[in-house]
Each structure stands twice: as C-alpha cells, then as structure tokens.
Amino acid sequence: MKQILSRLLEPIALLASNWIGSLGVLLTTSGGVLWLFMLPTLLRGEADNPYLGILTFMILPGIFFGGLALIPIGWWLARRGGRVPQPRSLRSFAIFLGVTTAANLLIGSLFTYRAIHHMESVQFCGQTCHTVMEPEFVAHSNSPHSRVSCTECHIGEGASWFVKSKLSGVRQVFAVVLNTYSKPIPTPVHNLRPARETCEQCHWPQKYGADRLRRIATYAEDETNTRGDTVLLMHIGGGGSGPGIHGAHLGEGVAIHYRTGDEKRLTIPWVELEKNGKKEVFVASTAKAEEAEKLEMRTMDCVDCHTRPSHTFDLPERAINWQMDRGGISPALPFVKKQAVELLKASYPNSAEATRQITDKLKAFYKDKYPELAKAKVADIDKAADTLASIWKRNVFPAMNVTWGAYPNQIGHTDFPGCFRCHDADHTSKAGNTIQQDCNTCHKLLAMEEANPKVLADLGLTGGQ
Ligand code: HEC
Ligand code: HEC
Ligand code: HEC
Ligand code: HEC
Ligand code: HEC
C-alpha cells in the first residue's frame, strides 16, 4: 500500500523539487479542488451573484493558471541548477504527466468558457463594480433593451473587439481600485465600437420604413394640472416611404461627416454631406471654415442621434408627465405637477433621504393647503410619493455625481440641442443651401400641447392611454 502511494505521489514530488515548483503544485491543486466544490453551483447556474462570480471566474482561475505556470518554471530552474531529479520509472512519469495535462486542459477550458460567459452577462457589467455602473445598470433594466446584454452593444461580435475590451477592462479595474475614474463616467464614449457594427446585428436600417405616431402628454404647473397633447408623425424612413430620417443620414450612397472640437459633441461647426460621390460642406455662421477643418472628424452613425438607446435617463418634467399620463401620479391632486417638479429637483444626499423627504413634504403640502382632500385621497398621495421617489432613484446617483441632465439624450431638440446641433438653418454651404429646420421635415406636427386634439379623437385615441 505504502509503495503504491509513494509511486503515485512520486511525480508530484519530482515536479515540486524546488520551492517554486512546490508552490505551483500547491496552487494548482487547491485551485482545482476548490473549483470542484463550486462545480454544482456552477452547473445549476447559480453563480449570478457578482461576488461569487468574481471568486469562481477570476480568483480561482487566477490561482489555478498561476500555479500551472509555476510548475514548468520550477522544473526549468531546477534543471539549470543541475538538480534535475530522475524519475524511477520514465513510463509512469509520462503517464502521470499525460493524465494531469488532460485534466488541467479540461478544467482550464471549462474555466475559460464559463468565465467568458459570465463576463458577458449584465450582472457582471452592472454589479461587479457596483457604484460605478449603477446608473447604467438601473437605467438599462428599465429600457427597451433590457433583454440585450451590455456587451452586445459595447463589444459586439468578433475577437479583436473582445480583446480590446478586455484590455480596457484591465485599465478600468485599476481605475476603480485606485479610485481615479471620473464621476460621472464621461459621455460620449470616444472609443465606442462604430455603432453600425453592433446595432445592425439586430436592426436593419433599410427596414424601418413606415412613419410612426408619437403622442406626448404634458401637464401644466397650475392648480388643475391642465393637460395638453402633442402628436407627431415621425418620418423614420429608410424603407419604402422615402429617405426620411434614417435614409437622409445612413441611406444607400449617403455618409455625413462632421467636425467638432467639443468633447461632448454639442457644438458642431462643420458638416459634410457625401451623396453618391458628391460632397457638400456646411459651415455654421459663427465658425470659420479654415479653423473648423482642423478639428477632429467623425462619421455620423446611430449613436449620434440615439445617444441613449439603452440607459436612458429622464428629466423631471418628462418623467412626471409620463407617470401622470399612466396613473402613477393622479392628475386629480391639485398642483401635483408643480410640487412634483420642485421635490424632484431639490438635492438629497442619498436615496433613503430622498424617499423620506419627498414623502414627508408632499404629505405636508396637502395636509397644510388641502386638509379635506388630504384625508379623502390618502392612497393617491401615497402612490404619488412612491412614484416620485422611484423616479428619483432611477435617475439620480449621488455617489457617481449623476444628476438630472448629466447624460443628454440627443434624439429630439426640446430638452437638449439634439438634431438642432446641425439642423439650425444656420449651417450654410458655398452653394447657399442650409441644413433644414422646417418643422415638417422630420415629423408632421399634428398637434402641439393641445387640449383634446381632434386627430386623437379621429384615431380613437382619446383619454389617458
Ligand atoms: C442598446 C445598446 C446598449 C446596451 C444594451 C448598453 N449600452 Fe451602454 N452605451 C451605449 C451607447 C450607444 C453609449 C454611448 C453613448 C454616447 O457615446 O453618446 C453607451 C455608454 C455607456 C457608458 C458611458 C456613460 C454613459 O452613460 O454614457 C457606460 C458606463 C455604459 N454605457 C455602461 C453600460 C452597462 C453597464 C450596460 C448593461 C447594464 C450597458 N451599457 C448596456 C449603448 C448600450
Ligand atoms: C441584440 C439585439 C439588439 C442590439 C445589438 C440593439 N438593439 Fe435596439 N432593440 C432590440 C430589440 C429587441 C428592440 C425592441 C424592444 C421592444 O420593442 O420591446 C429594440 C428597440 C430599439 C429602439 C426602439 C426603442 C423604442 O423606444 O421603441 C431603438 C431606437 C433601438 N433599439 C436602437 C438601437 C441602437 C442605436 C443600437 C446600437 C447602439 C441597438 N438598438 C442595438 C434589439 C437590439
Ligand atoms: C439622424 C438621426 C438618427 C440616426 C443617425 C439614426 N436614427 Fe434611429 N431614429 C431616429 C429618430 C428621430 C427616430 C424616431 C424616434 C421616435 O419615434 O420617437 C428613430 C427611430 C428608430 C427606431 C425605432 C423604429 C420604429 O419604427 O419604432 C430604431 C429601431 C432605430 N431608430 C434604430 C437605429 C439604428 C440601428 C441606427 C443606426 C444604423 C439609427 N437608428 C440611426 C433618428 C436617428
Ligand atoms: C451632424 C449633423 C446632423 C445632425 C446631428 C442631424 N442631421 Fe439630419 N441632416 C444632416 C445633413 C447634412 C443633411 C442633408 C442636408 C439636407 O438635406 O438638408 C440632413 C438631412 C436630414 C433630413 C432630410 C431633409 C430633407 O430635406 O429631405 C432629415 C429628415 C433629417 N436630417 C433629420 C434629422 C433628425 C431627426 C435629427 C436628430 C435626431 C438629425 N437629422 C440630426 C445633418 C445632421
Ligand atoms: C431635424 C429634424 C427636426 C426638425 C427640423 C424639427 N423637429 Fe421637432 N422633433 C424632432 C425629433 C427627432 C423629436 C423627438 C421625438 C421623440 O421624442 O422621440 C421632435 C420633437 C418635437 C416636439 C415634441 C417635444 C416633446 O415634448 O417631446 C415638438 C413640439 C416639436 N418637435 C416641434 C418642432 C417644431 C415647432 C419645429 C420647427 C421649428 C420642429 N419640431 C422641427 C425632429 C425635428
């Protein structure tokens, strides 16, 4: 018995013949054994907890592969020192090496496969560095893309972007550990993969086609929260219905380039339209062409308009209007719009305090100004307070200095400059053309903050839906 055991263990003793080799054997074995303990959890897919994820997918593989690398180093050093121990039986030593290498390859490839899989998950991106990504994570889970993982837009297909993202990931881990990252994380992302390579994995610009009806409810800050409806017919285009918005910038044979010296891409002094090989340059009246031409150039893609396709943050007025339309805040509460805007815009140190103060102040307002109603509509007031607190928590993250408007959405032109960065009728070409600002170019304005617009009645869309 003792003999068999010593024969079995002999190769290990040989590999561990100096301290580096011993450390290697120790680390590899403990990494492997610990990993075997984690195996049942892994197979049940329960490693979604970010900390467990870091342990199973980063620390254990680190120990395992680190140990594995030390073994040959130890062996090589021993050889150089002329202390290469000779195995008693070369054949059993070779079998041992063969079996352990196969086992290591199996464990190693499972590690790598699961680790890559895990690093693509929304949990990994959003929760591993909890505070840093919290704003994007929270916003993402409430967006049309909540089922699209972060990496599908941020990395996309193909090995080269995967490697690039892992390299920048290492830099980011250092920034987090050393606390040198910017708060908020700056936008736009200057090294983002060109959006057409990622978005077009799922969206097909030639296919958007039809016009789309948008109805936007607004409430005034008066006692009755007077409601108005804006109705727009968006000429999305790109398909059979003419070039429209998509076709004008991304259609067949069209490319739009622009230059800006502004990190945030908010002022755009120089725009070039390339259409079927012909180029036309539009320059803002406030800029000088020669100077603008020295600025960095970018070709327009999806994210120049869809700056917030996934993690969209709201402004207080917009979020409140939306909730008043959907019943999260009852429009029957007098002055509720005005109160809500004031309460959301005030500053609070953290979400617990925000929830407490918003609730207390809203209740106090009705108790003080409308005591009868405060008693009759307790449920409505409570619900409004809850809704307001959740809007705040969804959009404001003091730990990351993310507050209202930190991340502009450039899809329109009312809250942020958006389309009007170029479409301001002030960018003129040598031929005397300007980039259009006509109100019916991009959408047909069917109603603007109107009470009960006829167009909605005609479509059978009256009432708060
Ligand atoms: C539908 C595509 C899409 C998905 C899904 C997505 N993002 Fe983004 N993200 C973008 C785009 C586009 C930008 C850049 C906006 C710009 O450059 O103006 C961005 C920017 C960011 C930024 C920079 C700061 C900011 O908000 O602009 C962070 C951080 C970020 N994303 C994290 C995440 C995380 C974490 C997830 C998953 C929870 C995620 N993203 C999912 C498209 C996406
Ligand atoms: C992995 C697939 C996938 C990728 C990648 C993707 N999207 Fe989407 N996107 C979707 C799906 C699915 C929907 C529809 C969600 C729904 O209707 O509930 C959607 C919806 C949208 C919408 C409509 C949102 C609305 O309010 O109705 C826009 C705009 C959009 N995506 C833009 C983008 C942009 C820009 C990118 C690249 C930065 C992108 N998408 C990348 C799958 C994807
Ligand atoms: C010039 C600005 C601009 C560019 C560039 C742009 N979009 Fe859009 N897109 C819009 C506008 C505006 C809408 C309409 C939004 C609305 O209805 O509220 C829209 C709507 C959409 C929708 C929703 C379509 C529907 O029928 O509901 C999707 C999906 C979309 N875009 C994806 C993309 C993708 C993918 C790209 C890049 C290939 C892209 N967009 C490039 C401005 C743009
Ligand atoms: C970087 C500059 C730039 C931005 C930002 C931009 N556009 Fe454009 N757009 C152009 C240029 C250049 C043209 C072509 C010149 C023209 O036709 O007036 C154009 C043309 C158009 C056209 C076709 C006009 C026509 O007369 O047929 C539509 C529609 C349009 N854009 C919509 C939008 C919308 C909607 C947005 C915002 C979501 C937007 N654009 C943002 C540069 C821009
Ligand atoms: C270059 C394209 C473009 C031009 C020109 C344009 N708009 Fe818009 N407009 C948009 C887009 C895009 C939206 C955003 C739709 C959305 O919310 O998805 C919008 C939204 C709006 C809204 C709704 C605002 C809200 O509360 O969300 C109003 C009102 C409006 N436009 C009025 C006008 C008027 C008035 C003009 C003429 C001065 C005009 N627009 C010219 C592209 C344009």
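Start with the shell around ligand 3: select β1 (212-219), α10 and α12, each of which supplies at least two of its residues. Helices here are DSSP runs of H or I with at least four residues, strands are E runs of at least two, and both are numbered from the N terminus. α10 gives the largest share of the shell, four residues.

This is a predicted model, where local features need pLDDT of at least 70, side-chain atom pairs count only at pLDDT 80 or more, and totals for chains, interfaces and linings use all residues. Residues are numbered from 1 along each chain as written, chains are lettered from A and ligands numbered from 1 in written order, and side-chain values use heavy atoms, leaving out hydrogens and water.

Next, pick R212, H246, C302, C305 and H306, the nearest of the 18 residues around ligand 3 (near: a heavy atom within 4 Å).

Now zoom in on the iron atom of ligand 3. Which protein atoms are its donors? They are NE2 of H246 and NE2 of H306, lying 2.0 Å from the iron (donors: N, O and S atoms within 2.8 Å of the metal, or 3.2 Å for Na, K and Ca; water is not among the atoms, so sites may look incomplete). H246 sits in helix α10 (residues 244-250) and H306 in the loop between α12 (302-305) and α13 (316-326), so the pair ties together parts 60 residues apart in sequence.

Click H306 again: at 36% relative accessibility, H306 is partly exposed (between buried, under 20%, and exposed, over 50%; 1.4 Å probe, protein chains only).

Last stop, R214: a side-chain N or O atom there is 3.0 Å from an oxygen atom of ligand 3.

Methods: Polar contact = N/O pair within 3.5 Å; in protein donor to acceptor, adjacent residues only side chain to side chain.
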